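Dear colleague,

Please find the structure below, together with its sequence. My findings follow directly after it.

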Amino acid sequence: MGSNLLSAHVLVLDANDGIGLWMRDALLDAGLPCELVRDTGDADRKIDARRPSLVVIPVDQVQQWANLLAQLSQATSGVPVLGAVSRDASIDFTAALALGVTDLVTYPCSTEDLVVRVASSMRGGRRNDRVPERVEPASPLATLRSVTEAAEQALLRTETAAARVARSEEREHLRAARDALAHSLQVILGTMIGNGEASGHGREGHAQLAASVSRQLTTALGWPAARIRGMELAAMFGDIGLLAVPGELLGVRGPLTDATRELVRAHPETSAEILEPLSRVGVPVAAVRAHHERLDGSGYPKGLRGRQMPFGAQVLAVVDCYAAMVRPRPHRPQLTPEAALAALREEATAGRLAVRLVDLMHEVIAGGPPPADNDGGAARRTAGASPHPRLGVVGVTSAPLGARGRRHEAGPPLG
């Protein structure tokens, strides 16, 4: 963060002592000069004393601050206004945009995400400025982010327009346009991940297989069609953040470097950020963010444990591991479906995957309940499988697998 940004002044408006308190504290902790004001008189005085570089305001309070926002927008050099809106809110953003809100941030969000969005707004850009410094602007990942951010803005505008029109025919037309836009975005994402998988690092066909297995498993769970479709898309695109890792680094047969492991561990967060626009059409982004977590806390990126891990992420974890194991990778051969199911059962027994989901997975794949496995691995050995790594963290950690051999320490995560 440059010195010009550190010297910027942010004014947070919040008459209700709500999300504004957290935003002020988060920005102060990040080193950004920031003040919280609760009434228009105090805001006028602070603006007169020191012109802010950015104003942050809860979207549901824009009418309360309408006069102040009008004053800011009429200035010779307009002050950008960042509107904060809950992801669960059902709000018509038209009034906010008309009153001068120039960008939006949804919460709950991480402090890092808030700071990046604030920095983007102060530079006069929108969400396509949110490219980490480690990603070159011309990279496929940066291009993809730009596309998805623009699509989210278009989805937002379409939803806002649909909420305003009175005629049912017009609403249906706009909803159809939104669905078409979402579908186009899905096609773009599918093309990008397909090209990435075909680049020679051993993940060909993984996304499609994961999506198919997710559809089967969630159908067996009895979920409604819309939720099944959301999980299917989450499974297909959940590893799209691996585009940040050059294919030649993922395709190695030897140990991963520390730098590559760091990139790999970051990919769930990157995937979730890219997929955020699709949360508007039912894709569970929180599940994507946590699909490499494990119930015993051994996963990544945050080491969530037990109920901290969303149930959707538990589903994706089982699906992703299975889809990975039955495909060959540079550092290991593929497993048979029977061997992969046996490996999943071992992970469930060890407390890393959900037992209920692994049992249901066996019914989906094998057409019946899982067999008793009294010796902790006979089914896998009978199928002729080689010792498998602990699922989802190979290449990131390296711990023994007991008497039958050691986890392969060379390749990327199985998921």
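With three residues, α14 supplies the largest share of the lining of the second largest cavity. Helices here are DSSP runs of H or I of at least four residues, strands are runs of E of at least two, and both are numbered from the N terminus. Two or more lining residues come from each of α10 (225–237) and α14. The lining consists of Ala210, Ala234, Ala235, Gly238, Asp239, His291, Leu316, Val319 and Asp320. Of these residues, five are nonpolar, two polar and two charged, where Ala, Val, Leu, Ile, Met, Phe, Trp, Tyr, Cys and Pro count as nonpolar, Asp, Glu, Lys and Arg as charged, and the others, Gly among them, as polar.

The model is predicted: local features need pLDDT of at least 70 and side-chain atom pairs pLDDT 80 or more, whereas totals for chains, interfaces and linings use all residues. Residues are numbered from 1 along each chain as its sequence is written, and side-chain values use heavy atoms, without hydrogens and water.

Tyrosine 300 is in the loop between α13 (285–289) and α14 (311–325). Its relative accessible area is 0%, so tyrosine 300 is buried (under 20%; exposed is over 50%, partly exposed in between; 1.4 Å probe, protein chains only).

Arginine 227 lies over the face of tryptophan 223, 3.6 Å from the ring centre (the criterion is NZ of Lys or CZ of Arg within 6 Å of the ring centre and within 35 degrees of the ring normal).

Yours sincerely

Methods:
1 Å grid on protein atoms, 1.4 Å probe; cavity = no way out; pocket = protein on both sides within 12 Å on 5 of 7 lines; lining within 4 Å.
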